[in-house]
Amino acid sequence: MTSDPKNEQSKCPMHSPSVYSANDLTYNDYLKVPELISLQQPQSEPAHHDEMLFIIIHQAYELWFKLILHEIESALECMSAAEPLKARHFIHRCVEVMRLLVQQIHILETMHPADFLEFRSRLAPASGFQSIQFREIEFMVGVKDESYLSFFKNRPDLQAKLKARLDGPDLRSAFYDMLMKLGFSIPKDAATKERAGDVETQEQILLALLPVYKNPSSNLPLYLLTESLVELDEYLGLWREHHVRVVERVIGYKRGTGGSSGVEYLRSTTSKKSFPLLWEVRTRLV
Ligand code: HEM
């Protein structure tokens, strides 16, 4: 007996639009899809084909940056409650997002350098320098460089937001505070002293961490958190390295639209570290 394809189709739940009633929440309303897909507005005229890619990739990054900030906020709360495993849950999610973001940058290499030049001048002086969320992430992981506030001088609202991140909690200081709460011998204001280059403080932190690294099972929750923090740092660094490679491939050694030297400036940022002592501790292991 052969089956009737029409009957087969009607049994399939995918062909039952009647389950929805008129007032039900819809996918498009919940996710604001019409609004979202109306936000890509090219500057080139007529719109260059590749500008759509350029806009969408940046917007996708900004959405993921928003999630990373959201996760770091929760991680900070857990660290302040001295709950390393709970904090690790949120940091681990940031790592997985960063893993995706490192891959994603390479989509831009499908754009011919000559095609980019056809609309690049329309974008100046807009630049990644003005990504407030990227800078908020840097500040929240503990890489705090006040000079970047100047990129927002024409937007006092954004500058104030970033200043609040500069003055607010960050993962590095929250981590040291948590160690203190867990009974480790860590000086007060350890992050501030460490940033100022206080060698004694750095040595004390390393001494406190060494036993955990020598024997991870002696404090597994803490060890798992520290390794997730290092992994987050590693992926932030990898993003910087992949970004600069892509920039070199697309624009070579041209200056950035934001006024920097371009590749040279970006290379200088690849050595930034959020948790230098968590890297250093493995050098000290014997
Ligand atoms: C063809 C693609 C791209 C080119 C040619 C490019 C080029 C540059 C250049 C030259 C800079 C240095 C600042 C300046 O002088 O403007 C920069 C910074 C930056 N770009 Fe890109 N970029 C590209 C794609 C992206 C994408 C997809 C993102 C995703 C968000 C991004 C995010 C950033 C950020 C956050 C900075 C600041 C980095 C820092 O100061 O450490 N860029 N970019």
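## Terms and model

Buried means under 20% relative accessible area, exposed means over 50%, and partly exposed lies in between (1.4 Å probe, protein chains only). By that scale, Asp-167 counts as exposed, at 54% relative accessibility.

This is a predicted model, in which local features need pLDDT of at least 70, side-chain atom pairs count only at pLDDT 80 or more, and totals for chains, interfaces and linings use all residues. Residues are numbered from 1 along each chain as its sequence is written, and side-chain values use heavy atoms, with hydrogens and water left out.

## The ligand shell

Helices (H or I, at least four residues) and strands (E, at least two) are DSSP runs, numbered from the N terminus.

His-243 places a polar side-chain atom 2.9 Å from a nitrogen atom of the ligand. Ser-260 also uses its side chain: an N or O atom there is 2.7 Å from a ligand oxygen atom. Gly-258 contributes a polar backbone atom, 2.8 Å from an oxygen atom of the ligand.

## Salt bridges

The structure holds 20 salt bridges. A salt bridge is a side-chain nitrogen of Lys or Arg within 4 Å of a carboxyl oxygen of Asp or Glu. One of them pairs Arg-165 with Glu-73, with the closest N and O atoms 3.0 Å apart. Arg-165 lies in helix α8 (residues 156–167) and Glu-73 in helix α4, so the pair ties together parts that are 92 residues apart in sequence. Arg-165 is buried, at 18% relative accessibility. Glu-73 is partly exposed, at 33%.

Asp-167 bridges to Lys-163, with the closest N and O atoms 2.7 Å apart. The two are four residues apart in helix α8, so about one helical turn separates them. Lys-163 is partly exposed, with a relative accessible area of 35%. Shared partners also build a network: salt bridges join Glu-73, Glu-136, Lys-161 and Arg-165. Asp-157 and Arg-155 form another bridge, their closest N and O atoms 2.7 Å apart. Both ends are partly exposed: Asp-157 has a relative accessible area of 44%, and Arg-155 has 42%.

## A nonpolar surface patch

Leu-25, Tyr-27, Tyr-30 and Leu-31 make a nonpolar surface patch of about 520 Å². Patches are made of residues with over 30% relative accessible area and no salt bridge; like charges are joined within 9 Å, and nonpolar side chains (Val, Leu, Ile, Met, Phe, Trp, Tyr) within 5 Å. Accessible areas come from the Shrake-Rupley method with a 1.4 Å probe; for residues, only the protein chains shown count as cover.

Leu-25 sits in the loop between α1 (5–11) and α2 (27–30). Leu-25 is exposed, with a relative accessible area of 63%.

## Backbone features in loops

Two cis peptide bonds deserve a look. One joins Glu-45 and Pro-46, with omega about -5°. Pro-46 lies in the loop between α3 (33–36) and α4. Another joins Ala-124 and Pro-125, with omega about 0°. Pro-125 is in the loop between α6 (113–120) and α7.

Ala-82 has a phi of about 55° and is found in the loop between α4 and α5 (84–104). Ala-82 is partly exposed, with a relative accessible area of 22%. Asp-189 has a positive phi near 50°. Its place is the loop between α9 (171–181) and α10 (190–195). Asp-189 is partly exposed, with a relative accessible area of 47%.

Conventions: Polar contact = N/O pair within 3.5 Å; in protein donor to acceptor, adjacent residues only side chain to side chain.
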